[in-house]
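Here is a briefing for a reader new to this structure. Look at the sequence and the fold first, then read on.

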Amino acid sequence: MTPPASRRDKGLVRPYVVTEGRSHPTRNTFDLVTLVMAHGDRPLGGLSPEKRALMELCLGGALSVAEIAAHLMLPVSVVKVLLGDLVDSGHLSTRAPIPSAQLPEAQILQEVLDGLRARL
């Protein structure tokens, strides 16, 4: 009986190899919902296979960091390091998520309601 295929047989590359031994991105501005957009005019030559796959994935439109990690089947921490490199080289740009709107204060709402009632 042959043993089940190990992860090594499936082409697993250790995360420290993919990130060139780094465990933190050059910039710490990536959240799970940060949107990433690729610049199609940048050359892909010289990029590692993982960076090239990330670029090709993002050329289809804006994706979040979490979506990229899921599609590439890489840990989020590894994807953040790769993103930092690609942003630094001008291949990618990012946009922070739109913050959720704050609810107005109850006093302001009451004043608006009072004003509307006075007009009716």
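## Briefing

At 33% relative accessibility, Ala66 is partly exposed; buried means under 20% relative accessible area, exposed over 50%, and partly exposed in between, with a 1.4 Å probe and protein chains only. Ala66 sits in helix H3. The model is predicted: local features need pLDDT of at least 70, side-chain atom pairs count only at pLDDT 80 or more, and totals for chains, interfaces and linings use all residues. Residues are numbered from 1 along each chain as its sequence is written, and side-chain values use heavy atoms, with hydrogens and water left out.

**Overall layout**

- The protein chain holds five helices and three strands. These are DSSP runs, numbered from the N terminus: helices are H or I with at least four residues, strands are E with at least two.
- Read from the N terminus, the order of elements is α-β-α-β-α-α-β-α.
- The protein chain has 120 residues, and 25% of them count as buried.
- Among contacts in the protein chain with a separation of 6 or more, 72% link residues 24 or more positions apart. A contact means heavy atoms within 4.5 Å.
- The accessible surface of the protein chain is about 8,600 Å², and carbon and sulfur atoms hold 57% of it. Accessible areas come from the Shrake-Rupley method with a 1.4 Å probe; for residues, only the protein chains shown count as cover.

**The sheet**

- Three strands make an open, antiparallel sheet in the order S2-S1-S3. Two strands pair if DSSP finds at least two bridges between them.
- Strand S2 (63-64) and strand S3 (92-95) are the edge strands, and each pairs on one side only.
- Strand S1 (residues 35-38) runs antiparallel to S3, and four bridges join them.
- Met37 has Ser93 in S3 as its bridge partner.
- In general, strands of a sheet pair through backbone hydrogen bonds, either parallel or antiparallel.

**Helix H2**

- Helix H2 spans residues 49-58, and its buried residues are Lys51, Leu54, Met55 and Cys58.
- These residues lie on the same side of H2, because they cover an arc of only 100 degrees around the axis. The arc is that of the directions from the helix axis to the C-beta atoms.
- The cover over the buried residues of H2 includes S1, helix H3 (65-72), helix H4 (76-88) and S3.

- Val65, Ile68 and Ala69 are the buried residues of H3.
- They share the same side of H3, because their arc around the axis is only 95 degrees.
- Ala70 and His71 are exposed on the other side of H3.
- The buried residues of H3 pack against S1, H2, S2 and H4.
- An α-helix has 3.6 residues a turn, so residues three or four places apart point the same way.
- Ala66 and Val76 are 10 residues apart along the chain, and their C-alpha atoms are separated by 6.8 Å.
- Met73 lies in the loop between H3 and H4. Met73 is not a glycine, yet it has a positive phi of about 55 degrees. With a relative accessible area of 73%, Met73 is exposed.

- Where does Leu82 lie? Leu82 is in helix H4, and at 0% relative accessibility it counts as buried.
- Leu82 touches Val18, Glu50, Lys51, Leu54 and Leu74, leaving aside residues up to four places away in sequence.
- Leu82 and Glu50 are 32 residues apart along the chain, with their C-alpha atoms separated by 8.1 Å.
- How many salt bridges does a search of the whole structure find? The search finds one. A salt bridge is a side-chain nitrogen of Lys or Arg within 4 Å of a carboxyl oxygen of Asp or Glu.
- The side chains of Asp85 and Lys51 meet in a salt bridge, at 3.2 Å from N to O. Asp85 lies in helix H4 and Lys51 in helix H2, so the pair ties together parts 34 residues apart in sequence.
- Asp85 and Lys51 are both buried.

**A surface patch**

- Ile108, Val112 and Leu116 form a nonpolar patch on the surface, with about 270 Å² of accessible area together. Patches are made of residues with over 30% relative accessible area and no salt bridge: like charges are joined within 9 Å, nonpolar side chains (Val, Leu, Ile, Met, Phe, Trp, Tyr) within 5 Å.
- Val112 belongs to helix H5 (residues 106-119). Its relative accessible area is 49%, so Val112 is partly exposed.
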